[in-house]
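Take a first look at the structure below. A short report follows, moving from the whole protein to single residues.

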Amino acid sequence: MSDSRGGILRRGRKDSDAGPRASFRELLPYLFEHRGALVAVAFLSLASAAAGLAQPLLAGQVVGIVEAGGALGMLVWLLIGLVVVGAILGGIQHYLLQRIGTSVVFSARRTLVRRMLRLPISEFDRRRTGDLVSRVGSDTTLLYAVITQGLLDALGSAVLFVGALIGMLLVDPVLLGLTLTVIVVALASGILLSSRIRPASLEQQERVGAVAAAVERAIGAIRTVRAANATDRETAAIVVEAEAAKRAGYKVAKISAMVVPIAGIAMQVAFLVVIGVGGYRVASGAITIASLVTFILFLFMMIIPLGSVFGAVNSINQALGALGRIQEITNLPSETDADASIEPAAPVATAAAIRFDDVRFTYTVPLGAPAAETGEISQMGYLTQPIDPNGMSEAPGTPVPEIREVLKGVTFEVPRGSRVALVGPSGAGKSTVFALIERFYDPDSGVVRLDGRDVRGLPRDELRAQIGYVEQDAPVLAGNLRDNLTLAAPDATDAECIQVLRDVNLGAVLDRDPAGLDAAVGEDGIMLSGGERQRLAIARALLAAAPILLLDESTSSLDGMNEQLLREAIDAVAHDRTLLVIAHRLSTVVDSDIIVVLEHGEVVGIGTHSELVASTPLYRELAKHQLLV
């Protein structure tokens with residue numbers, strides 16, 4: 001089921017048990033990107049196969065000449081030359097296959113990452129980070145095997161197989177008929193078993209993704225895990241996922257173990273048949289010893305490629321399982337794909353930089369989500385798109401996710417150049433307002449306007465270039481100070497970076513590390529304090545010099561002295577800018593031009609501090625406790 005924004009909500013495992021599937025045709029675009037190298041490999045495969053097929057013929061002539069007592073002359077050297085040429089061609093082919101395989105993996109990763117980073121935010125809300133990382137890492141790696149050990153290797157093997165078949169037909173059709181009987185039985189068995197590899201491989205990749213997600217969950221909160229004495233429980237949870245991945249791997253190994261030996265068994269049986277019947281035919285004078293030797297050499301050349309074909313089928317089925325998981329992401333619409341079908345509201349003349357007109361927004365609480373995490377978007381972490389419960393077609397008794405309206409006809413304005421504060425209890429919808437301004441999501445009804453224009457009618461890059469955004473949890477990217485500061489301002493100079501750090505009272509961070517802007521911040525900014533991480537995020541937004549600043553609970557982690565210093569910096573930088581702030585503390589909003597009070601997704605008061613104290617009971621209660629939660 002999908003909504004107007006292309007989101008999909010699935011309940012249970014009814015639709016996903018089969019898992020994503022890919023056809024061989026979907027693998028071809030990754031190969032055709034390297035068609036020049038493919039042609040070269042195909043030519044080398046044909047040349048190598050030709051050199052190999054000539055060897056049994058020459059070997060038969062050598063045996064015949066020796067049997068007749070004649071001189072070999074240059075025939076031996078020609079045979080040796082063919083062996084050397086075949087080896088050289090095989091080496092070059094192997095090198096090109098390795099290059100093509102590496103390039104295909106790169107292409108797949110590039111395509112996957114480009115699509116992944118452009119997916120709607122709702123896709124990240126409903127998917128586990130570790131599983132997405134696994135698709136970029138382990139799933140794409142399986143495409144390497146299909147190139148280097150499978151598909152293209154099978155081309156030369158097919159030529160050898162057909163050439164050996166023709167040669168055997170010319171030498172002795174009777175022996176060929178017996179050999180083909182064995183080969184047909186082997187092929188039928190191999191094809192039957194290989195059909196079971198793809199679903200088993202898909203299950204294995206999904207289990208590996210679950211392991212990656214479990215590890216990412218534990219490592220991402222390692223301090224919390226340690227502090228809660230939950231290390232053993234988290235380890236056990238990861239081991240359970242790893243155990244499931246191991247069992248899935250065993251299943252693939254079991255099927256592969258039945259497929260791979262088929263070629264060896266076929267070779268042994270065919271060899272025994274040829275030796276037995278061929279010896280009888282030599283004794284009866286039907287064929288010569290030289291012909292029997294030639295036939296046996298052709299037999300080896302036919303059976304060995306047969307093993308490669310079985311290996312290729314095995315590799316291709318595993319790769320198609322992984323490709324299905326890759327395509328599941330690359331086939332998803334990006335956040336901009338549906339923009340062309342949206343009809344934005346007509347522009348209006350207004351002095352407001354930001355304006356909400358009767359905005360409503362709904363999300364569904366995922367099954368099993370903790371009650372404390374379902375307040376609003378940024379707090380629950382599992383946002384899904386609005387759904388129509390009447391449109392579901394699940395089995396009776398299936399739990400129905402709770403549908404919750406976050407914003408209920410919200411209307412307010414943020415005048416250009418003003419400072420406006422959003423306050424209210426947790427879950428009132430404050431962070432959702434910011435998410436709609438940034439177009440992480442679109443409202444179900446109503447209009448969000450920027451300078452009088454419906455934000456849905458603005459290109460997203462243009463919209464976001466006008467907005468500096470400091471998120472609630474103030475994420476810091478692994479790397480150094482410069483990497484974080486220049487994320488939204490790649491052309492910023494070192495002098496500008498240093499100045500903005502000092503503006504937000506982070507000069508001490510520069511001074512304490514001789515590396516300066518190259519000072520490492522650690523994974524998730526762990527080498528910085530909570531207040532420093534928040535101020536670094538604010539510095540990043542300020543450096544971008546956007547005309548509108550959104551500060552989501554930006555002072556909640558600062559002590560009194562640093563909060564005062566930061567307020568002074570924001571006061572200076574906010575000159576001639578529009579500032580919309582979500583804050584916990586009364587001191588950060590009391591001087592705002594306008595304060596908007598939200599409760600249960602509705603605006604219950606708009607005005608100055610003194611006006612709201614007199615008119616709005618909720619604000620008065622919050623102000624009384626000196627804390628805006």
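This is a predicted model: local features need pLDDT of at least 70, side-chain atom pairs count only at pLDDT 80 or more; totals for chains, interfaces and linings use all residues.

**Overall make-up**

The protein has 629 residues, and 47% of them are buried. Its secondary structure comprises 22 helices and ten strands. Take the contacts between residues at least 6 apart in sequence: 79% of these join residues at least 24 apart.

**The cores**

The largest nonpolar core holds 42 residues. Leu-481, Leu-485, Leu-501, Leu-536 and Tyr-619 have the most contacts inside it. Helix α19, spanning residues 530–543, gives the most to this core: seven residues. In soluble globular proteins, nonpolar side chains tend to be buried together.

What does Leu-485 touch, leaving out residues up to four places away in sequence? Its partners are Cys-497, Val-500, Leu-501, Leu-517, Leu-536, Ala-539, Arg-540 and Leu-543.

**A patch on the surface**

Met-74, Val-76, Trp-77, Ile-80, Val-84, Ile-88 and Ile-92 make a nonpolar surface patch of about 690 Å². Ile-92 sits in helix α3, which covers residues 75–116.

| Residue | Relative accessible area | Class |
|---|---|---|
| Arg-456 | 18% | buried |
| Ile-92 | 39% | partly exposed |
| Lys-624 | 65% | exposed |

Why does Arg-456 count as buried? Its relative accessible area is 18%, and buried means under 20%. Lys-624 counts as exposed because its relative accessibility is 65%, and the class begins over 50%.

**Around Arg-456**

Arg-456 lies in the loop between β5 (453–454) and α15 (460–465). Its side chain makes a polar contact with the side chain of Asp-454, at 2.9 Å. Residues up to four places away in sequence aside, Arg-456 touches Ile-342, Pro-344, Arg-439, Asp-442, Gly-446 and Val-447.

**Around Lys-624**

Lys-624 belongs to helix α22, residues 617–624. Val-613 is eleven residues away from Lys-624 along the chain. The C-alpha atoms of these two residues are separated by 9.1 Å.

Key. Residues are numbered from 1 along each chain as its sequence is written. Side-chain values use heavy atoms; hydrogens and water are left out. Helices (H or I, at least four residues) and strands (E, at least two) are DSSP runs, numbered from the N terminus. Buried means under 20% relative accessible area, exposed over 50%, partly exposed in between (1.4 Å probe, protein chains only). A polar contact is a pair of N or O atoms within 3.5 Å; within protein, one must be able to donate a hydrogen and the other to accept it, and residues adjacent in sequence count only if both atoms are side-chain atoms. Contact means heavy atoms within 4.5 Å. A nonpolar core is a set of buried Ala, Val, Leu, Ile, Met, Phe, Trp, Tyr and Cys residues joined through side-chain atoms within 4.5 Å. Patches are made of residues with over 30% relative accessible area and no salt bridge: like charges are joined within 9 Å, nonpolar side chains (Val, Leu, Ile, Met, Phe, Trp, Tyr) within 5 Å. Accessible areas come from the Shrake-Rupley method with a 1.4 Å probe; for residues, only the protein chains shown count as cover. A salt bridge is a side-chain nitrogen of Lys or Arg within 4 Å of a carboxyl oxygen of Asp or Glu.
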